[in-house]
Amino acid sequence: MPLLRLPHTPYLPTSAPALANLLLSLSAARSLPKGQQLHAHLLKSGLLSSPATATRPLSNHLITFYARCGLPLLSRAAFDDSPSPRPAAAWSSLLASLAQNGLPLPAIAAFRSMLLVAVPPSDRSLPSAAKAAAALSSPSLARSLHALALKTPFAEDVFVVSSLVDMYAKSALLAEARRLFDLMPHRNVVSWSTIIYGYAEAGLDADALRLFKMALAELEPPGVNDFTYSCIIRVCSTATLLELGSSIHAHCFKTSFDSSPFVGSSLISLYSKCGLVEEAYELFDQMPDRNIGAWNAILIASAQHGHIHVAFHRFQEMKAAGFSPNFITFLCLLTACSHAGLVDEGKRYFALTSEYGIEPGAQHYAAMVDLLSRAGRITEAVAFIEEMPIEPTESVWGALITGCRIHKDADTAAYAATKLFETGSSSSGAHMLLSNAYAAAGRYADAAQARKAMRDRGVRKETGLSWLETAGKVHTFVSGDRRHPRSDEIYAVLEEVGERMEKAGYVPDTSQVLRDVGGEEKRAAIWYHSERLAIGLGFLVVPEGQPIRVMKNLRVCVDCHTAIKYLSKCTGRAIVLRDNNRFHRFEDGACSCGDYW
């Protein structure tokens, strides 16, 4: 027997309060069919159009019901069906539905309509309007909304002000966000989480960490929440601060926040990005509750570490668990295919996006171009770009240039660079990719011309950096660096190991040196690249039996990749290197990428 029957059956309550309670229960359960059945009854009975005060909550609950079911347009229809004048609660419910379901422009339009009919903003409507303004990232709108909030009795309400702080941070107005935060007479965990997230998103890791420590000191028990932990772990992940991230993980464990899927997803990314992929796998397997973010985190961890078939298996597990893949899921799968040169599989996953109602974005197209061009199918990659339904972005052309450099197709690289510069790009990476493509093809005059063009445009080359964390300290190096206190020891150990490497058969590959100079000068130019210096320090400070983990902001060059294989073979040490594309684990003269990166 169904819960809800025809309108006049004895199973259905008849009083407005009882119907409101039933609608609240269906809303909490997100029971769409039964809720719509009740909605039909309310329409037939005329209760929704009644001006009686007792029936007013029904419209509000109906708006919220559709919001929780992810149907904001039906929320709007329920609002439109309610009698005028509509109370502030109905407007607040509508605003929340639109703002929380990704419709910021309609939310702002509704907020303006509310003001036009003389309904004053409240502590419920202002946060929803701020959320919509944050999604639009409009500085002028953000300032206008703040000015309006100052004229209301809620100018110091902790939830209203927290939403304004979030709005400013997401509108690229971090200074205003911090100023407003500092002026708050009372701050709660939402306030702290919001400002920490703002600094983390802006890449201001040190400031985010300082704020996190302040939050721990100021907030009374239970203190920070899972969102706060997730934000700060993400900071550690981005900066590859393994020791700090591990200590925060321990704190999460003591407070039981490690069971949160949001914290778990961040921890998976932390350990993966710090080179501890097995720990990431173990953490995922132990998660009591997983969300789509956790599945995507483990997929990208598998892809970046070259465990391609693990990624494919996890994808099948994800679907079996009832999760539907999203935009990020397919990006993870395409990245995995690109790292292994699996063109047919990549095409299959790209085609699969339409079956799940996902419109491929610029990142998906860039991943496909990267896959095709790295596999040497340059002509096919160019044809794919020409058939794209959207305008090719900088990342699309950059992916093509990268493939051209690998396969020494300087002419197509020049074509792609011309197209890229037409987009107005001022990226130093594009210029350097083109210069490297020319150098790889032995066209040194063209390589020099590409570098000159970069200087003429006022574009500066991004400095190559490598770093190693040990004993809570991060040691950073640039190529040829002599500033480290143990610099003499680092150079000495590299020279000593270098002699063994050459006896074992290592021959420097100077094909990517951009200058047409002699062999010894070319060798000197590559021998002390930043990652080798960081590894040299690792030989001195990382205990035997532990991998040496080095991070690099640029792609590892061909010669360094070969040299590190020999370093691992001649020293018996495992070396994990993360460049800006993927992870490489070197052991006994071999790399986990199979020399395909």
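What follows is a short chat about how some features of this predicted model get their names.

Reader: What should I know about the model before we start?
Author: It's a predicted model, where local features need pLDDT of at least 70, side-chain atom pairs count only at pLDDT 80 or more, and totals for chains, interfaces and linings use all residues. Residues are numbered from 1 along each chain as its sequence is written, and side-chain values use heavy atoms, with hydrogens and water left out.

Reader: What makes residues 308-320 helix H18, and how does its reach compare with the span expected?
Author: Helices are DSSP runs of H or I with at least four residues, strands are runs of E with at least two, and both are numbered from the N terminus. H18 has 13 residues.

Reader: Which residues of H18 are called buried?
Author: Buried means under 20% relative accessible area, exposed means over 50%, and partly exposed lies in between (1.4 Å probe, protein chains only). Ile308, Ala311, Phe312, Arg314, Phe315 and Met318 make the buried set in H18.

Reader: Why are they said to sit on the same side of H18?
Author: Because they cover an arc of only 160° around the axis, the arc being that of the directions from the helix axis to the C-beta atoms. An α-helix has 3.6 residues a turn, so residues three or four places apart point the same way. His309 and Ala320, on the other side of H18, are exposed.

Reader: What covers the buried residues of H18?
Author: Going by contact (heavy atoms within 4.5 Å), the cover includes helices H16 (277-286), H17 (292-304), H19 (327-340) and H20 (343-352). Just after H18, glycine 322 has a positive phi of about 95°.

Reader: What makes strand S1 "mostly covered"?
Author: Five of the five residues of S1 (466-470) are buried. Ser466, Leu468 and Thr470 point one way, Trp467 and Glu469 the other. In a regular strand the side chains alternate between the two faces of the sheet.

Reader: How do you know which strands S1 pairs with?
Author: Two strands pair if DSSP finds at least two bridges between them. S1 has five to S2 (473-477), running antiparallel, and two to S3 (548-552), also antiparallel. Serine 466 stands opposite phenylalanine 477 in S2 and opposite lysine 552 in S3. S1 and S2 form a hairpin with two residues between them, and alanine 471 in that turn has a positive phi of about 55°.

Reader: How many bridges join S4 and S5?
Author: Four, in the antiparallel sense, between S4 (575-578) and S5 (583-587). Isoleucine 575 has phenylalanine 586 of S5 as its bridge partner, and the hairpin has four residues between the strands.

Reader: Where does the name "repeat: PPR" come from?
Author: From UniProt, in an unreviewed entry, at residues 157-191, 260-294 and 326-360. Positions follow the numbering used here, feature names are shortened, and annotations may be inferred rather than shown by experiment. In the model, residues 157-191 are 74% helix and 0% strand.

How values were computed
Expected span 1.5 Å × (residues − 1).
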